[in-house]
Amino acid sequence: MIPLDVDQPVLATSGEAALNHNQQLQPSSRPATSEDKLKRKSSWPPNVSGEEDEHVPEHRSPSSSPSDAAERVEPVFLTEDSKVGLQLSARSLRKVPERSTYLKEDQDLHYLVLNDNNFEGVPEDVAEYRDSLEVLLLRNNQIFQLDLAVLSSLDHLAVLELSMNSLSDVPVGIARLGGTLTQLFLNNNNFQQFPVNILALHNLQVLGLNSNKLKDVPKEIRRLNKLQVLGLNFNQLSSVPSGVTQIESLTKLGLSDNKITSLTSDLKHLVNLKELLLDNNNVHCSRPGVLAVKVGRSRAIGQSVVRNFNRDL
């Protein structure tokens with residue numbers, strides 16, 4: 001079973017244990033730049049890309065060579081529940097190596113990590129693992145369009161990481177993943193409008209849309225009634241989306257670094273909410289009956305605790 005990604009389940013650097021919250025796949029050896037810090041802040045909710053927030057990978061050009069750290073990583077690893085994963089990040093790949101390069105003939109692949117490469121789309125070779133693949137990570141590539149012929153063939157895909165690419169739309173065929181997909185990460189892409197076709201993914205529990213250019217979110221987002229973690233930080237929202245306040249299953253909601261000036265009393269409907277991120281907006285005060293959020297303080301909404309986290313860049 002793939003854990004709900006609210007505390008950043010990450011994959012192991014060795015071929016043994018996995019999903020260890022304190023491990024990272026590829027520690028960065030260079031000092032953090034201001035751009036890194038911006039990406040770090042906009043990555044909430046935490047993703048399954050294998051990097052902790054303290055180590056944001058460098059966005060490399062196609063001519064970049066693989067890092068020494070990537071070369072030292074053992075490609076094949078086992079998760080704690082003995083599922084097989086393949087770690088091929090930061091190798092300047094444009095094509096997935098043949099199965100026989102790393103796997104035994106009788107091995108099923110469940111986790112495929114292809115972060116920090118040069119893929120311009122979801123590689124066709126991924127379809128070879130259609131009967132077993134559960135987690136596909138393609139963070140920080142050059143993907144501008146999704147090939148749903150490949151994705152829809154993955155009968156067991158639960159986690160799809162596509163952050164830090166060049167996507168501006170999600171095609172309607174994404175609905176074919178509605179039966180299995182529970183975590184979708186589209187942070188740091190080029191979305192100027194909310195990708196409405198993802199509303200057909202009725203089993204989503206985690207959705208990351210941080211660091212795009214969204215000005216609004218359709219009311220229909222309430223259809224995602226299993227959603228527990230929603231990241232909308234670093235967008236251009238002027239208010240708390242009304243449809244979001246109707247998703248009672250939400251436990252974490254990120255709205256930091258938008259243009260929000262006031263809060264709505266409809267937040268009281270989020271009875272399971274544990275964290276509400278609102279820093280770097282222009283919320284000054286609230287009317288009676290509306291939650292007052294102050295930096296460093298907590299207030300109750302129903303049985304929930306809502307925090308305003310004040311983080312530095």
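**Entry 1**

I began with Glu134, which is buried, at 13% relative accessibility. Buried means under 20% relative accessible area, exposed means over 50%, and partly exposed lies in between, with a 1.4 Å probe and protein chains only. I note that this is a predicted model, in which local features need pLDDT of at least 70 and side-chain atom pairs count only at pLDDT 80 or more, while totals for chains, interfaces and linings use all residues. Residues are numbered from 1 along each chain as its sequence is written, and side-chain values use heavy atoms, with hydrogens and water left out.

I then looked for the partner of Glu134. Its side chain meets that of Lys83 in a salt bridge, at 2.8 Å from N to O. Lys83 sits in the loop between strand E1 (76-78) and strand E2 (84-87) and Glu134 in the loop between strand E3 (111-113) and E4, so the pair ties together parts that are 51 residues apart in sequence. Lys83 is buried as well, with a relative accessible area of 17%. I used this rule for a salt bridge: a side-chain nitrogen of Lys or Arg within 4 Å of a carboxyl oxygen of Asp or Glu.

**Entry 2: the other salt bridges**

How many salt bridges does the rule give? The count comes to 3.

Another of them joins the side chains of Arg94 and Glu120, at 3.7 Å from N to O. This pair links distant parts of the chain, 26 residues apart: Arg94 is in the loop between E2 and helix H3 (99-102), and Glu120 is in the loop between E3 and E4. I found Glu120 partly exposed, at 45% relative accessibility.

I also looked up Glu275, which forms a salt bridge with Lys252, the closest N and O atoms being 3.5 Å apart. Glu275 lies in strand E10 and Lys252 in strand E9, so their pairing ties together parts that are 23 residues apart in sequence. Glu275 is buried, with a relative accessible area of 18%, and Lys252 is buried too, with 12%.

**Entry 3: the chain as a whole**

I stepped back to the totals. The chain has 4 helices and 12 strands; these are DSSP runs numbered from the N terminus, helices being H or I of at least four residues and strands E of at least two. Of the 313 residues in the chain, 54% are buried.

I checked contacts next, a contact being heavy atoms within 4.5 Å. Among the contacts in the chain with a separation of 6 or more, 52% are between residues 24 or more positions apart.

The chain exposes about 14100 Å², and carbon and sulfur atoms supply 45% of that area. Accessible areas come from the Shrake-Rupley method with a 1.4 Å probe, and for residues only the protein chains shown count as cover.

**Entry 4: two buried residues**

Is Leu204 buried or exposed? I found Leu204 buried, at 0% relative accessibility, in the loop between strand E6 (183-185) and strand E7 (206-208). Not counting residues up to four places away in sequence, Leu204 touches Leu181, Thr182, Gln183, Leu184, Ile198, Leu224, Lys226 and Leu227. One of these, Lys226, is 22 residues from Leu204 in sequence and 6.2 Å from it in space, C-alpha to C-alpha.

Phe185 is in strand E6 and is buried, with 0% relative accessibility.

**Entry 5: positive phi**

Most residues other than glycine have a negative phi.

Asn140, which is not a glycine, has a positive phi near 60°. Asn140 is found in the loop between strand E4 (135-137) and H4, and is buried at 2% relative accessibility.

Asp257 has a positive phi of about 55° although it is not a glycine. Asp257 lies in the loop between strand E9 (252-254) and strand E10 (275-277), and is buried, with a relative accessible area of 16%.

**Entry 6: a charged patch**

Last, I looked at surface charge. Which residues form a negative surface patch? They are Glu105, Asp106, Asp108, Asp131 and Asp155. Patches are made of residues with over 30% relative accessible area and no salt bridge, like charges being joined within 9 Å and nonpolar side chains (Val, Leu, Ile, Met, Phe, Trp, Tyr) within 5 Å. Lys and Arg count as positive and Asp and Glu as negative, with His and the chain ends not counted. The place of a charge is taken as NZ of Lys, CZ of Arg, CG of Asp or CD of Glu.

Asp155 is partly exposed, with a relative accessible area of 46%.
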